[in-house]
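Thanks for making time today. I would like to walk you through one structure, a piece at a time, starting with how its strands pair.

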Amino acid sequence: MARQAISSRGIQAELKQGSYLEPLPFVGKPFDIVCATGTVHHCADPILAMTLLREQMTDDGYFLFHVYGYYRDKIRFCIKEILDLLEPDRSNHLHRLELYQGLMQARALGTTKKRDFLWHLTHTSISDAIKMLKKSLGKFSGQEVRIAPWGPSWGWIDGPESEHWHPWVDQFCHPCERDYEVWDIKDLVEKSGLKVAHMLSQGMPTERTTIPGQWGAQYDNLDDWSKWRIQELMEYPHGDAFNMILVKA
Ligand SMILES: C[S@@+](CC[C@H](N)C(=O)[O-])C[C@H]1O[C@@H](n2cnc3c(N)ncnc32)[C@H](O)[C@@H]1O
């Protein structure tokens, strides 16, 4: 794909293939920009990978970095763990697909026993009934809080012929991947001798992360990592990936 992309754009580039964890095939001048997007979270040793990549940077170089965010990918990892418990062999793609399809079908149909009106009347407290009423009124007025969907956006997959097959295998059968919260990212970045120049995505304010004015100096005096963590917690159950520009510490 890379070869195709560079030739169709008339770009001059030299392609080399290998793992971050093996000696990198570059000799001579270090690079102004190192880009590792969506790759470090697949390495058996992410800190070693980052440390070896850092060695390829000029002292004022930039490291463009992307890894999965725990809250953004939580549902996918929940489904993946369910599949792991039922079929631990991640290379058994077809069997895992059958289990996944069953799960999606059950979720779509709903597996809980339907209760009749009388049951609800005798089992619902007045405060719960008020909450339910408020929730359904909210739905009508379009104020319902959007909750993260259970299924991934590509929905139903028939099998290996589906256009979604390869992405599905990648997302639900990948043998080595992890997702990160702010404190894990701090650990990874600092242990690799790097620091954050710009925190994008997960670090960008959203409508859910308005900081209350009354927090005042107590919030203002926190370090960046604590502020990013508060933002991450305020976003729940939403979340984003980590897209960052790193520099040498
Ligand atoms: C989710 S894809 C990301 C692809 C692309 N960088 C992007 O941003 O769309 C994960 C990539 O990680 C790469 N990868 C996995 N383990 C690696 C390792 N040890 N060293 C280097 N790359 C690795 C795989 O080759 C795969 O292409």
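His66 stands opposite Asn243 in strand S4, and that pair belongs to a region where strand S2 (residues 57-67) and strand S4 (residues 242-248) run antiparallel, joined by five bridges. Strands here are DSSP runs of E with at least two residues, helices are runs of H or I with at least four, both numbered from the N terminus, and two strands pair if DSSP finds at least two bridges between them. Please keep in mind that this is a predicted model, in which local features need pLDDT of at least 70 and side-chain atom pairs count only at pLDDT 80 or more, while totals for chains, interfaces and linings use all residues. Residues are numbered from 1 along each chain as its sequence is written.

S4 also pairs with strand S3 (residues 194-199), again in the antiparallel sense and over five bridges, and there Leu194 has Lys248 in S4 as its bridge partner.

Turning to the helices, H3 (residues 70-86) packs with H4 (residues 93-109) at an angle of about 125°, their axes lying 10 Å apart, where axes are lines fitted to C-alpha atoms, for helices over the stretch in contact, and angles run from 0 to 180 degrees between N-to-C directions. Which residues in H3 meet which in H4? Ile79, Ile82, Leu83 and Leu86 in H3 meet Arg96, Leu99, Tyr100 and Leu103 in H4, with contact taken as C-beta atoms, placed from the backbone, within 7 Å.

Conventions. Two residues are in contact if their C-beta atoms, placed from the backbone, lie within 7 Å.
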